[in-house]
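Dear colleague,

Please find the structure below, followed by a short account of what was found in it.

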Amino acid sequence: MSGILTYALHYEGAFNKNSLGAVSEGAKLAKEIGGEAGVVVVGGDDLTDELCQPLGAFGATKVYRAKAAEGLGAPVVDVMAKVITEEDYGYALFGGGLLGFEIGAGLTARLNAGVTMEVTEVKAQDGKLVAVRPILQDSAIVDVSYVSEPGIIIGRLNAFEAKEEAGGSAEVIDVDVQLEEHSTKAKMVKRGEQRGADVNIEDAKTLVAGGRGLGKAEGFDLCEDLAGALGGTVAATRAVVDAGWYPYAAQIGQTGKTVAPKLYLAAGISGAIQHKVGMQSSENIVAINKDPNAPIFEFSDLGVVGDLNKILPKLTEAVKAKKGG
Ligand SMILES: Cc1cc2nc3c(=O)[nH]c(=O)nc-3n(C[C@H](O)[C@H](O)[C@H](O)COP(=O)(O)OP(=O)(O)OC[C@H]3O[C@@H](n4cnc5c(N)ncnc54)[C@H](O)[C@@H]3O)c2cc1C
């Protein structure tokens, strides 16, 4: 049996879009290799039949429902390990958010399975799955096959698209899982909203875009301060989106959005071709980079060579002073 098992994260009565992408992709592939399309959901009394059955519209045939804390990785590993072992699933597929990485890694260790991460496409070949992933900083693409089952596949964030079809109702099966002791030790204390998740960079007249040169997720505070002072919006490169520093909604480029603001300001961005294609029509391009040879200077109207940690706060101050605030 080579069914495909996915996990659907839910919050306040709705399933997460990234995990629904994995459910859709898993269901499509399960059809191709002739197996069950199973989905694990965990939570409390809020996980009603009315909430779970419609996962069938995304192609799920069976929904395995377990009582456990939602939003944490370890309990889901326990539930998925049990379902994979007892129901004989051949693969587990994840959409690639931080939780997907955590659960996928845990499952790999628990089941002594093979794992492929950063997967951008999955193919069905001779009744088996082949994971496709870029390597060597995305300069080459490789096909990865599994020598044994189960195989764990962790996609890149948003690599799989959620496809909903009218109708479709999945069978809901309650599973009783004895959680490992360590899986009950962590508690969800607070759930925060991911900042910038609803940004609209396409309509912004001013964009302050941040790249890996910001050093860490908190580095985006500098961009947000400047964007706030300018009345603009923060955008990002794929490198920082992949690193989980900023949401995909803010990504400019070949695999992100195309923008053409009046002012595009790049902070700590090298200017890779895949980024350039998404912002080259901007009216005024300003770049701050500590490397005088950074490619972004080749297509900037104004280039500032220096440390963004020093320049951005000064620029923010200057803009505020000019605006009298
Ligand atoms: C198929 C494919 C699709 C892709 N799609 C996209 C896409 O849609 N969008 C995208 O952006 N990329 C995309 N990429 C990735 C792209 O090739 C680059 O890897 C990425 O754009 C680099 O991001 P970055 O500029 O943030 O990081 P880096 O290339 O690492 O650049 C960081 C820059 O910060 C500078 N820096 C470091 N510290 C400081 C400091 N203190 N002060 C000032 N400057 C500093 C460095 O000099 C460097 O130039 C894609 C790649 C592939 C193969």
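Three helices, α6 (238-242), α7 (273-279) and α8 (308-322), each contribute at least two residues to the shell around the ligand; helices are DSSP runs of H or I with at least four residues, numbered from the N terminus. This is a predicted model, in which local features need pLDDT of at least 70 and side-chain atom pairs count only at pLDDT 80 or more, while totals for chains, interfaces and linings use all residues. Residues are numbered from 1 along each chain as its sequence is written, and side-chain values use heavy atoms, with hydrogens and water left out.

The ligand has 26 residues around it, of which Thr237, Ile252, Thr255, Ser270 and Asn289 come nearest (near: a heavy atom within 4 Å). By class, this shell has 15 polar, 6 charged and 5 nonpolar residues.

A backbone N or O atom lies 2.8 Å away in Arg212 and 3.0 Å away in Arg238, whereas in Asn289 a polar side-chain atom lies at 2.8 Å. The protein buries 80% of the 990 Å² that the ligand exposes when taken alone (Shrake-Rupley method, 1.4 Å probe).

Helix α8 has 15 residues and reaches 20 Å from its first C-alpha to its last, close to the expected 21 Å (1.5 Å times one less than its number of residues). Leu308, Leu312, Thr316 and Val319 of α8 are buried (under 20% relative accessible area, 1.4 Å probe, protein chains only). They lie on the same side of α8 because they cover an arc of only 70° around the axis, taken from the directions from the helix axis to the C-beta atoms. On the other side of α8, Lys310, Lys314, Glu317, Ala321 and Lys322 are exposed (over 50%).

Yours sincerely

Terms used
A polar contact is a pair of N or O atoms within 3.5 Å; within protein, one must be able to donate a hydrogen and the other to accept it, and residues adjacent in sequence count only if both atoms are side-chain atoms. Ala, Val, Leu, Ile, Met, Phe, Trp, Tyr, Cys and Pro count as nonpolar, Asp, Glu, Lys and Arg as charged, and the others, Gly among them, as polar.
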